[in-house]
Amino acid sequence: MSTDRQRQELAQFIRSRRERRRPEDVGLPAGRNRRTPGLRREEVATIAGLSITWYTWLEQAREIRVSRQVLRSLAEALGLDAVERAHLFRLAGEVPPRDTRTRNPTELPHQYEMVLSHLDPNPAFIVNHRFDVLAWNNGCELLYGDLAALPEKRRNVLWLTFTSPEVRAMSGNWQEEASQTLALFRAQVGEGVLEPDVAALIGELEAAGEDFRRLWRRKELAPFVPQQRTVHHPQLGTIALDYVKMHLAGDDKTLVCYMAPPGSDLADRMRKLVDAVAQHDG
């Protein structure tokens with residue numbers, strides 16, 4: 001924690017959740033002689049495996065170090081939901097852990113698919129924490145081909161980037177874009193890189209080629225910065241698209257879009273090509 005105000009906020013938040021937690025929620029008798037609502041400090045400390053003195057200091061906003069393991073224990077003891085757990089971690093100056101208990105990594109509300117449709121003919125798609133492509137619009141096929149024809153596990157941005165000759169050929173600077181994509185993935189997935197599904201993907205990519213192994217060993221990290229990307233498209237020619245990403249609220253999924261300037265000749269040509277492909281497939 002970096003500021004007095006932040007420590008105060010953390011202390012007040014923990015205290016409010018302790019007072020909300022009922023004794024019966026943790027298997028304790030309610031009793032009639034409790035002078036304060038919720039659990040006592042010593043009860044929370046015991047459930048979380050902490051010393052009573054240390055926990056008291058925490059509620060007093062003392063300048064103490066709170067580890068991620070302690071935060072996890074507190075979250076469990078206080079019965080925090082996913083949103084509250086993330087808030088607890090942020091107040092303590094830590095990156096919130098990815099919640100995997102209730103969220104289906106492939107589940108997507110139909111409203112997001114409507115957004116993708118409205119973005120046509122601009123290539124747009126939604127990925128999860130592994131960069132699996134969960135949903136896409138017709139324009140997305142301009143960059144990645146017929147995703148529906150691929151096995152579900154191969155509809156993955158990293159897999160296509162490193163194993164698809166067609167995707168590589170369209171890149172204006174494959175080496176730079178592949179390196180940036182991988183650095184962004186590592187930064188975004190965080191400690192989730194140790195999760196079995198992510199580790200399995202990394203293993204498959206390492207087995208697939210030297211390019212991935214070489215770039216992955218660099219352990220580079222990069223923030224996302226909106227930018228323009230050059231695409232050598234077999235039908236549209238060499239084009240420039242603005243590349244943007246937006247995280248979906250309350251989820252670990254991300255909307256990715258490559259946009260042509262509205263009303264431009266490029267946008268018109270993309271529309272005609274997307275419509276022609278759709279009619280052919282139909």
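## Exercises on the cavities

Ser179, Leu182, Ala183, Arg186, Leu215, Trp216, Lys219 and Glu220 line the second largest cavity of this predicted model. Let's work with that list, then move on to the other cavity.

**Exercise 1.** Find out which helices supply at least two residues each to the lining of the second largest cavity, and which one has the largest share.

*Solution.* Start with the helices: H10 and helix H12 (210-217) each bring in at least two lining residues. As for the space inside, the second largest cavity holds about 60 Å³.

**Exercise 2.** Sort the lining of the second largest cavity into nonpolar, polar and charged residues.

*Solution.* Go through the names one class at a time. Four residues are nonpolar, one is polar and three are charged.

**Exercise 3.** How many cavities of 30 Å³ or more does the whole structure have, and what is the volume of the largest cavity?

*Solution.* Searching the whole structure turns up two of them. The largest cavity has a volume of about 330 Å³. It is lined by 22 residues, and Tyr144, Val167, Glu177, Arg229 and Tyr258 are the closest to its centre.

**Exercise 4.** Work out which elements build the lining of the largest cavity, and what kinds of residues they bring.

*Solution.* First, collect elements that give two or more residues: among them are helix H8 (157-163), helix H9 (165-170), strand S3 (227-233) and strand S4 (237-247). Then pick out the top contributor: H10 gives the most, with five residues. Finally, sort the lining of the largest cavity: 15 residues are nonpolar, four polar and three charged.

Key: Residues are numbered from 1 along each chain as its sequence is written. This is a predicted model: local features need pLDDT of at least 70, side-chain atom pairs count only at pLDDT 80 or more; totals for chains, interfaces and linings use all residues. Side-chain values use heavy atoms; hydrogens and water are left out. On a 1 Å grid over the protein atoms alone, a cavity is a set of points where a 1.4 Å probe fits but cannot get out, and a pocket is an open set with protein on both sides within 12 Å along at least five of seven lines; lining residues have an atom within 4 Å of a point. Grid points are joined across faces, edges and corners, and a volume is the space filled by probe spheres set on the points. Helices (H or I, at least four residues) and strands (E, at least two) are DSSP runs, numbered from the N terminus. Ala, Val, Leu, Ile, Met, Phe, Trp, Tyr, Cys and Pro count as nonpolar, Asp, Glu, Lys and Arg as charged, and the others, Gly among them, as polar.
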